[in-house]
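Open the model in your viewer and keep the sequence panel beside it. This tour goes stop by stop: what to select, then what is there.

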Amino acid sequence: MAYLDVRNLGVAFGPSRVVEDLSFALDRGEALAIVGESGCGKSMTALALMRLLARGARTSGEIRLDGEDLLALSEARMRRMRGRRLGIIFQDPMSALNPVLTVAEQLTEAIRAHETLDRADALDRAVELLERVQIPDAARRIHDYPHQFSGGMRQRAAIAIAIAARPDILIADEPTTALDVTIQAQILQLISDLRRESGMALILVTHDLGVVAETVDRVLVMYAGRKVEEQRAQDLFAAPRHPYTNRLIASKPQLRVGDAALPGRPPRLPEIPGLVPLPGERGQGCAFAGRCDRVETICTTAVPALDHIGTGSGQVACYVAHQADAAQSAPARVAALAGGIR
């Protein structure tokens with residue numbers, strides 16, 4: 001059995017179902033990316049795993065961590081799970097950190113919530129954590145307030161808090177969205193290094209396929225609250241089967257200029273027309289049908305079931321996935337993505 005086993009997870013607010021019938025598994029030490037545009041249910045999934053959804057949310061299904069269903073736990077028991085078994089990094093470190101407490105106060109609180117240490121020993125461990133996330137002069141800077149840190153340093157401090165109790169699984173919810181490109185690469189490398197050093201598993205939530213090409217083992221693609229494809233990372237980038245996955249890859253800028261339509265200007269990027277439908281506007285068929293250039297009549301009348309791909313563990317929910325490879329140009333684009341994020 002997988003260490004984390006999510007079965008038929010659903011999240012709803014009133015009549016609006018924002019996550020539907022989502023199932024996936026995660027082994028110890030494995031890295032999984034959950035990708036998709038804004039509004040596809042990625043962050044709701046992350047919050048559901050931590051049981052941090054807003055009041056009024058209804059969850060269904062099972063989230064089994066080492067055989068224990070998190071959705072069935074009392075809040076007191078779940079508080080002990082957060083930090084020790086599951087850690088989370090949010091996308092906006094300024095919002096995640098308390099502006100009126102020093103970094104030292106916030107880090108030592110996270111440490112002492114799960115370990116029996118006095119204040120002096122907890123502070124020593126907090127300094128070690130800041131050094132581990134590569135904040136220079138950690139012994140001095142730990143007494144600063146979050147506003148005295150740069151954006152990249154704030155995110156590093158948030159990562160230190162997330163790993164303070166040595167969690168088995170780290171959930172990173174869009175951890176680089178608020179950062180510039182150079183700092184993004186540093187934060188992603190830091191998360192990868194920490195995962196390898198500690199052996200913890202990783203769930204990376206992102207809208208950017210470019211950041212996962214060399215970071216994770218498997219990729220789960222969500223659209224309009226549902227899983228539409230899941231494959232090993234190398235297989236998905238080499239041959240995506242769902243039209244949505246293919247369009248996501250095709251619309252990612254290549255990190256080089258070539259084949260310019262006009263001198264000095266790169267070609268226009270392919271776009272995905274339209275927007276992700278709201279929960280009440282998904283219709284009876286495939287939610288992507290209204291934006292898909294390969295749509296058939298059946299796509300608009302019934303939601304496609306997840307089918308296995310070949311002999312592996314991959315899955316795709318698409319009536320036309322069996323047609324000519326949806327990713328004829330994907331390998332070259334993915335090579336450019338991978339080369340650009342090293």
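**Stop 1**

Asp-137 sits in the loop between H5 and helix H6 (138-141). Helices (H or I, at least four residues) and strands (E, at least two) are DSSP runs, numbered from the N terminus. The phi of Asp-137 is near 55°, a positive value in a residue other than glycine.

Before moving on, note that this is a predicted model, where local features need pLDDT of at least 70, side-chain atom pairs count only at pLDDT 80 or more, and totals for chains, interfaces and linings use all residues. Residues are numbered from 1 along each chain as its sequence is written, and side-chain values use heavy atoms, with hydrogens and water left out.

Now select Asp-21. Its phi is near 50°, again positive in a residue other than glycine. Asp-21 belongs to strand E2 (residues 16-26). With a relative accessible area of 46%, Asp-21 is partly exposed.

**Stop 2**

Select helix H1, residues 42-50. Its buried residues are Lys-42, Thr-45, Ala-46, Ala-48, Leu-49 and Met-50. Step just past H1 to Arg-51, which takes a positive phi of about 55°.

Next, select helix H2, residues 75-84. Here Met-78, Met-81, Arg-82 and Gly-83 are buried. What covers them? The cover includes H1, strand E4 (57-65), strand E5 (68-69) and strand E6 (86-89).

**Stop 3: Met-222**

Go to Met-222 in strand E9 (residues 218-223). Buried or exposed? Met-222 is buried, with a relative accessible area of 0%. Show its contacts (heavy atoms within 4.5 Å). Not counting residues up to four places away in sequence, Met-222 touches Val-19, Leu-22, Ile-34, Val-35, Gly-36, Cys-40, Gly-41, Lys-42, Thr-45, Lys-227 and Tyr-244. Lys-42 and Thr-45 are also among the buried residues of H1. Draw a C-alpha to C-alpha distance from Met-222 to Ala-233: they are 11 residues apart in sequence and 15 Å apart in space.

**Stop 4: aromatic cluster**

Select Tyr-223, Tyr-244 and Phe-288, which form one aromatic cluster. Rings of Phe, Tyr and Trp (its six-membered ring) pair if their centres lie within 6.5 Å. By this rule the count comes to three aromatic pairs.

**Stop 5: Asn-98**

Select Asn-98, in the loop between helix H3 (93-96) and H4. Asn-98 is partly exposed, at 31% relative accessibility. Leaving aside neighbours within four places in sequence, Asn-98 is in contact with Gln-106 and Pro-146. Asn-98 and Ala-110 are 12 residues apart in sequence and 13 Å apart in space, C-alpha to C-alpha.

**Stop 6**

Two packed helices are described by the angle between their axes and the distance between the axes. Axes are lines fitted to C-alpha atoms, for helices over the stretch in contact, and angles run from 0 to 180 degrees between N-to-C directions.

Select helix H4 (residues 103-112) and helix H5 (residues 119-132). They pack at about 110°, with axes 9 Å apart. That makes H4 roughly perpendicular to H5 (angles under 35 degrees count as roughly parallel, over 145 as roughly antiparallel, 65 to 115 as roughly perpendicular and the rest as oblique). From H4, Val-103, Ala-104, Leu-107, Thr-108, Ile-111 and Arg-112 meet Arg-119, Ala-122, Leu-123, Arg-125, Ala-126, Leu-129 and Leu-130 of H5.

**Stop 7: H4 with H7**

Val-103, Gln-106, Leu-107 and Ala-110 of H4 contact Ala-157, Ala-160 and Ile-161 of H7.

**Stop 8: H7 with H8**

Finish with helix H7 (residues 151-162) and helix H8 (residues 181-198). Their angle is about 15° and their axes lie 10 Å apart. H7 and H8 are therefore roughly parallel to each other. The contact uses Gly-152, Gln-155, Arg-156 and Ile-159 of H7, and Ile-183, Gln-186, Ile-187, Leu-190, Ile-191 and Leu-194 of H8.

Terms used: Buried means under 20% relative accessible area, exposed over 50%, partly exposed in between (1.4 Å probe, protein chains only). Rings of Phe, Tyr and Trp (its six-membered ring) pair if their centres lie within 6.5 Å; planes under 30 degrees apart count as stacked, over 60 as edge-to-face and the rest as tilted.
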